[in-house]
Amino acid sequence: MVTKFLSWMRVFKQTNKQIDMKNKLLAVLATLSMVASASAVKVNDNLSINGFIDGSYASSDDGTANGKTQSLEIDEVEINFVTNVGNVSGLIAVDANPNADYVTPSNDTENLGIEQAHFTYNINDAVSVTFGRYGSALGLEREDPAGLYTYSRAYSSTGGFNLGDVDSRAVDGLTIAYTGDAYSVAVSLENQVGDEHSLETNDLDFEISFTYTGIAGLNIGGGFLVDNEATAAQETDVVNVNLSRQFGKLLVAGEYTELSADAGDRDAYLVLADYDVNNKFGVALRLSSEEQAAGDYDKVTIAPNYAITESLGAILEYSDIDDAGDDSEEYAVELTYTF
Amino acid sequence: MINRLLIFIVYLSTTLLHAESSVSNAELSKKLDLILGKVGGLEERIGKLESDSNEVRKDVKAAAKTANEAKVASKSWNVPTEEKEKQSFFNKLKNEIYSQEAKDSGPWAKKESWSDVRNNLTRFQIRKKLGDPHEVNQSLQPRIDQVYLYSGDLNGDGKKEHGIVNFFRDRVVSYESPFK
């Protein structure tokens with residue numbers, strides 16, 4: 001009897017979860033249908049809505065008996081609300097990871113949420129102030145799938161070197177930026193979002209970044225960020241320098257990052273070449289290495305990309321990974337639809 | 001009529017003067033001056049009336065001319081009765097209305113605004129030069145992170161012209177003017 005009751009309770013509990021999941025899916029679908037109509041109908045002169053749906057098939061194999069994994073899934077859905085009204089511009093980026101943990105919602109940190117929400121007030125042509133939630137200005141690889149030349153990122157998800165990935169590192173902060181003809185400098189005072197929900201117990205974090213674009217086709221960027229924590233042992237400082245140079249259809253880029261923590265200094269670098277064969281077809285080759293406590297994480301990636309239409313793109317990727325001596329191979333096909 | 005009246009007044013006055021034989025020359029001269037003054041005033045008024053009448057005539061002529069022109073112009077706006085011509089007429093009218101709307105939609109619709117656009121400008125500087133974009137798009141191209149799109153039928157041919165500005169990290173990396 002008790003077993004039957006528990007079994008019934010389990011079913012009841014699952015049903016609740018299913019309802020919860022269904023509601024979330026309905027919310028995402030409702031949002032998507034809203035976007036479909038919004039992209040067709042002009043909301044007003046100051047508001048634009050855009051976004052993307054990104055999904056992939058990925059397979060990895062580390063050569064061991066049970067070391068093969070596969071996945072076919074939607075990786076990320078994002079809707080951006082972009083406003084421009086005179087001297088003020090704003091962005092609200094709502095994103096969802098449909099692979100979030102619905103089975104154990106308490107563990108879930110990747111549901112539908114505000115990825116970025118910020119506005120910028122341009123005092124004049126040179127000086128602007130931005131307030132809100134945004135990502136780091138550092139790092140060669142940027143925030144969204146459409147901003148990557150490859151399917152995967154260069155560095156491991158645990159090493160702390162994916163600086164431009166706003167999904168893993170968003171901050172609430174205030175940025176004051178100065179923009180000259182050929183360069184720009186920005187200072188950001190910030191409070192990390194995520195594990196640190198409240199203001200830092202000590203000082204705020206800060207990031208200083210610069211870019212130089214004075215030579216046509218050359219882009220130099222970099223800066224450093226100081227992640228203040230409650231104890232010195234938890235604090236992290238990061239220095240990053242990156243550059244890219246375009247030679248006609250070929251783009252060559254590289255970056256070097258050094259991360260200083262109480263446990264010791266670690267560094268990482270990547271070199272990337274992207275060649276556009278024509279308007280639709282291109283190939284990217286990336287070499288990257290990241291120092292970890294257990295050993296280096298080295299990765300070689302080759303990723304042809306093809307624009308099926310102006311708004312639908314595909315990336316085919318092969319990566320060879322050496323994670324502290326453990327070799328593995330990854331294959332992936334990624335489809336990104338932008339609207 | 002007025003001239004006749006004047007002659008009659010002069011004749012009457014001289015007759016009356018003859019009738020008064022006992023009036024002195026000085027008085028006569030005085031009265032004559034008075035009559036001449038009155039005649040002068042009448043001539044002045046007659047001249048003014050004639051001048052006013054000319055102006056009125058000119059005004060009437062101008063009004064008639066304008067009315068005629070309006071009549072001719074309105075003939076060309078008559079909605080054709082034939083179905084094909086009617087459709088063409090309304091299409092043309094629609095294109096003209098949309099074109100005018102596009103031309104009035106901001107500085108992007110003027111050729112000279114695009115001559116100021118160059119690589120390396122910021123988004124804010126572009127908005128100042130071209131106005132707020134009609135759409136802000138994402139790009140599949142990783143070398144471009146935001147696209148400003150301006151569109152509208154600028155030449156009234158029923159097809160939209162597009163102005164595109166591509167940004168990477170808040171700087172213009174490439175652009176396409178709607179005036180090719």
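Buried residues account for 21% of the 180 residues in chain B of this predicted model. Chain B holds five helices and four strands. Reading from the N terminus, its elements come in the order α-α-α-α-α-β-β-β-β. As for how the chain folds back on itself, take the contacts in chain B between residues at least 6 apart in sequence: 43% of them join residues at least 24 apart.

One of those helices can be picked out by eye. Helix α3 of chain B covers residues 83–103, which makes 21 residues. From first C-alpha to last, α3(B) reaches 30 Å, close to the 30 Å expected at 1.5 Å a residue.

Four of them make an open sheet, in the order β1-β2-β3-β4, with antiparallel pairing. At the edges sit β1 and β4 (171–176) of chain B, each of which pairs on one side only. On average, neighbouring strands of this sheet are turned by 25° against each other, if direction is ignored. Inside the sheet, β2 (residues 146–152) and β3 (residues 161–168) of chain B are antiparallel partners over seven bridges. To find one of these bridges, look for S151(B), whose partner in β3(B) is H162(B). A handy rule for looking at any sheet is that, in a regular strand, side chains alternate between the two faces.

Most residues other than glycine have a negative phi. D170(B) has 21 other C-beta atoms within 10 Å, so it counts as buried; the cut-off for that is 20 or more.

Strands β4 (residues 113–122) and β5 (residues 127–135) of chain A run antiparallel and are joined by six bridges. The two form a hairpin, with four residues between them. H118(A) has G132(A) in β5(A) as its bridge partner. On to the next pair: β5(A) is also an antiparallel partner of β6 (residues 170–179) of chain A, this time over nine bridges. Here F131(A) stands opposite L174(A) in β6(A).

Strand β8 (residues 205–212) is linked by seven bridges to the antiparallel strand β9 (residues 218–227) of chain A. T211(A) faces G221(A) of β9(A) across this pair. The hairpin of β8(A) and β9(A) has five residues between the strands, and in it G217(A) takes a positive phi near 85°. β9(A) then pairs with β10 (residues 236–247) of chain A, antiparallel and over ten bridges. D227(A) has T236(A) as its bridge partner in β10(A).

What about the nonpolar residues? In soluble globular proteins, nonpolar side chains tend to be buried together. The largest nonpolar core here has 23 residues, and those touching the most other members are Y149(A), Y155(A), F161(A), L272(A) and A303(A). Two or more residues come to this core from each of β11 (250–261), β12 (264–276) and β14 (296–307) of chain A. Setting aside neighbours within four places in sequence, L272(A) is in contact with Y149(A), A253(A), G254(A), A284(A) and R286(A). Another core, of 19 residues, lies apart from the largest one, and its members include L121(B), I126(B), V147(B) and Y148(B).

Finally, the two chains meet. 19 residues of chain B are in contact with 26 residues of chain A. On the chain B side, α5 (123–130) and β1 (135–137) each supply at least two of the touching residues. Sorted by class, this side of chain B has five nonpolar, seven polar and seven charged residues.

Conventions
Residues are numbered from 1 along each chain as its sequence is written. Chains are lettered from A and ligands numbered from 1 in the order in which they are written. This is a predicted model: local features need pLDDT of at least 70, side-chain atom pairs count only at pLDDT 80 or more; totals for chains, interfaces and linings use all residues. The expected span of a helix is 1.5 Å times one less than its number of residues. Two strands pair if DSSP finds at least two bridges between them. Two residues are in contact if their C-beta atoms, placed from the backbone, lie within 7 Å. Ala, Val, Leu, Ile, Met, Phe, Trp, Tyr, Cys and Pro count as nonpolar, Asp, Glu, Lys and Arg as charged, and the others, Gly among them, as polar. Axes are lines fitted to C-alpha atoms, for helices over the stretch in contact, and angles run from 0 to 180 degrees between N-to-C directions. A residue is buried if 20 or more other C-beta atoms lie within 10 Å of its own, exposed if 12 or fewer, and partly exposed in between; C-beta atoms are placed from the backbone. A nonpolar core is a set of buried Ala, Val, Leu, Ile, Met, Phe, Trp, Tyr and Cys residues joined through C-beta atoms within 7 Å.
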